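Let's take a friendly walk through a protein together.

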Amino acid sequence: MKVCRIGICEDDEDYRTYLTKIIHSCMPMGKWVRIFFYGDGRSLFSAPGRRELDILFMDVQLPDGDGNVFAERFRRENSRALINFCTNRGTPATETFKINIFRYIRKDGGKEQVERQVAEVLEEYIRRRQYAKFHTGQGRVYLEVPEIIYCEKQKRGTRIHLTGGREILVSEHLSDIYGRVGASGFACPHASYIVNMEHITGVNKKVIRLGDAGELGIAPRKWKQFQEDFKRFIE
């Protein structure tokens with residue numbers, strides 16, 4: 001799983017700690033989170049990893065300038081990150097709407113409100129990354145759907161084959177997984193597995209080629225439906 005890189009640009013150390021606790025309590029991916037702290041705009045823009053941030057929480061009033069100005073500059077460097085303002089201002093400034101700010105978090109809004117808004121930010125990140133939750137003998141895991149090559153039915157659960165030669169055995173049944181990811185470009189060419197059509201490198205009436213992941217056979221009775229599904233996918 002890709003590490004979620006979260007930046008907190010805030011000069012108040014207590015508030016940085018407060019946000020960090022909320023993030024760890026809300027984020028379901030535990031060790032896959034990395035949090036970076038910046039005390040002002042200058043430290044943010046001197047950090048080499050700022051362009052890789054996935055989420056940024058920023059104070060509107062920083063010691064060395066207006067957060068709106070810094071956020072606009074940051075947006076020019078990073079078009080995909082979820083930027084969120086943390087402030088005591090009554091209403092968002094006009095500039096806020098030009099920068100594509102995801103959430104405007106009131107510092108004095110109360111613990112419950114802040115927790116709800118931070119949770120919404122993290123949920124949106126998960127949605128955009130197309131994460132899907134699964135269960136293993138060690139607990140729950142979150143996998144990026146685009147990294148799944150195919151899922152194979154097992155006696156107990158399903159074996160998920162991922163990019164990079166990785167495999168993971170989950171307790172969910174194959175039919176349940178198909179119901180959840182089918183709309184993301186998966187097809188069912190055989191009762192024993194489902195395939196992410198994004199990873200198909202070749203196909204004929206009997207075999208699907210999946211690059212380094214090998215080949216899978218197509219059940220004769222599944223061929224017509226698979227052909228239709230694949231045709232819709234590539235058109």
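On a 1 Å grid over the protein atoms alone, a pocket is an open set of points where a 1.4 Å probe fits, with protein on both sides within 12 Å along at least five of seven lines. Its lining residues have an atom within 4 Å of a point. Points are joined across faces, edges and corners, and the volume is the space filled by probe spheres set on them.

The second largest pocket here has a volume of about 160 Å³. It is lined by 13 residues, and Ile149, Leu162, Gly165, Asp212 and Ala213 are the closest to its centre. Strand 10 (148-153) and strand 11 (158-162) each give at least two residues to this lining; strands are DSSP runs of E with at least two residues, helices are runs of H or I with at least four, and both are numbered from the N terminus.

This is a predicted model, in which local features need pLDDT of at least 70 and side-chain atom pairs count only at pLDDT 80 or more, while totals for chains, interfaces and linings use all residues. Residues are numbered from 1 along each chain as its sequence is written, and side-chain values use heavy atoms, leaving out hydrogens and water.

Now step back to the whole protein, which has six helices and 17 strands. Its radius of gyration, taken over C-alpha atoms, is 22 Å, well over the 18 Å that the globule rule (2.2 Å times the number of residues to the power 0.38) gives for 235 residues, so the protein is more spread out than a compact globule. Along the principal axes, the C-alpha atoms fill a box of roughly 65 × 40 × 30 Å.
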